[in-house]
Amino acid sequence: MRVSVILPAAGLGRRFTGPGADDGPSKIEATLAGRAVFLRSAELFLNRSQVCQVIVAVNPQRFDDFMARFGDQLRFHGIKVIAGGERERWQTVAKALQAIDDSCTHVAVHDAARPLASAKLIDRVFDAASRFASVIPAMPITATVKR
């Protein structure tokens with residue numbers, strides 16, 4: 001199994017930064033223990049033997065700024081960066097799917113703003129992906145959900 005990991009990172013993060021904060025860093029660029037959140041998310045996959053590629057799909061209007069700020073780190077880790085979709089997450093994932101290396105046999109999509117997935121969860125997803133055509137991880141809800 002050779003997995004291409006797509007990290008959609010093209011959102012504006014308005015719930016995180018608040019309305020009118022389009023010029024500041026998005027939630028994926030916020031610092032978590034000294035490194036950007038999206039980089040922490042990528043690190044979940046970088047040293048896995050099954051992973052042949054990591055793609056970060058960023059906001060196309062902020063692509064140049066993003067590369068100026070993080071390009072060196074991304075190149076160091078061998079992470080491919082592409083411009084994501086204009087409006088919706090599915091557009092970002094669709095663009096990233098076009099950038100997958102032909103040698104990859106599987107695709108994993110993981111939100112760039114979720115850096116705290118456990119190694120155990122990823123192991124379980126990759127194991128299931130080796131046996132089934134598609135896999136979606138789910139976790140039990142531990143907090144009260146209200147409408």
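1. A salt bridge is taken here as a side-chain nitrogen of Lys or Arg within 4 Å of a carboxyl oxygen of Asp or Glu. By this rule the count for the structure, which is a predicted model, comes to seven salt bridges. Side chains of opposite charge can pair when their charged atoms come close. Three of these pairs are described in the next two points.

2. Arg35, Arg40 and Glu43 are linked in a network of salt bridges. In the pair formed by Arg35 and Glu43, the closest N and O atoms are 2.7 Å apart. For Arg40 and Glu43 the corresponding distance is 3.7 Å. Arg40 and Glu43 both belong to helix H2, where they are three residues apart, about one turn of the helix. An α-helix has 3.6 residues a turn, so residues three or four places apart point the same way.

3. Arg114 counts as partly exposed, with a relative accessibility of 45%.

4. Helix H2 deserves a separate remark. Eight of its ten residues are buried, so that the helix is mostly covered. The buried residues are Val37, Phe38, Leu39, Arg40, Ser41, Ala42, Leu44 and Phe45. They pack against strand E1, strand E2 (31–32), strand E3 (35–36), strand E4, helix H3 and helix H5.

5. The largest nonpolar core has 28 residues, and those with the most contacts inside it are Phe38, Phe45 and Phe66. Two or more residues of this core are given by each of strand E1 (3–9), helix H2 (37–46), strand E4 (51–58), helix H3 (63–77) and helix H5 (119–129). H2 supplies the largest share, five residues. Which residues does Phe38 touch, not counting residues up to four places away in sequence? They are Leu7, Ile28, Val56, Phe66, Phe70, Leu74 and Ala112. A second, separate core has eight residues, among them Ile6, Ala96, Ile100 and Cys104.

6. A search of the whole structure finds one disulfide. The bond is formed by Cys52 and Cys104, whose sulfur atoms are 2.4 Å apart. A disulfide is a covalent bond between the sulfur atoms of two cysteines. The two partners fall into separate accessibility classes: Cys52 is partly exposed at 27% relative accessibility, whereas Cys104 is buried at 13%.

7. Thr92 is found in helix H4. Is Thr92 buried or exposed? Its relative accessible area is 3%, and Thr92 therefore counts as buried. Leaving aside neighbours within four places in sequence, Thr92 is in contact with Pro8, Ala10, Ala57, Gly84 and Gly85.

8. Ala33 may be checked for its backbone geometry. Although Ala33 is not a glycine, its phi is positive, at about 50°. Ala33 is placed in the loop between strands E2 and E3. With a relative accessible area of 64%, Ala33 is exposed, because that class begins over 50%.

9. On the surface, Leu97, Val107 and Val109 form a nonpolar patch, with about 250 Å² of accessible area together. Val107 lies in strand E6 (residues 106–109). This residue is partly exposed, with a relative accessible area of 43%, and thus passes the requirement of over 30% for a patch member.

10. Ala128 is found in helix H5. At 14% relative accessibility, Ala128 counts as buried. The C-alpha atoms of Ala128 and Leu97 are separated by 21 Å, the two residues being 31 residues apart along the chain.

Notes
Residues are numbered from 1 along each chain as its sequence is written. This is a predicted model: local features need pLDDT of at least 70, side-chain atom pairs count only at pLDDT 80 or more; totals for chains, interfaces and linings use all residues. Side-chain values use heavy atoms; hydrogens and water are left out. Patches are made of residues with over 30% relative accessible area and no salt bridge: like charges are joined within 9 Å, nonpolar side chains (Val, Leu, Ile, Met, Phe, Trp, Tyr) within 5 Å. Accessible areas come from the Shrake-Rupley method with a 1.4 Å probe; for residues, only the protein chains shown count as cover. Helices (H or I, at least four residues) and strands (E, at least two) are DSSP runs, numbered from the N terminus. Buried means under 20% relative accessible area, exposed over 50%, partly exposed in between (1.4 Å probe, protein chains only). A nonpolar core is a set of buried Ala, Val, Leu, Ile, Met, Phe, Trp, Tyr and Cys residues joined through side-chain atoms within 4.5 Å. Contact means heavy atoms within 4.5 Å. A disulfide is a pair of cysteine sulfur atoms within 2.5 Å.
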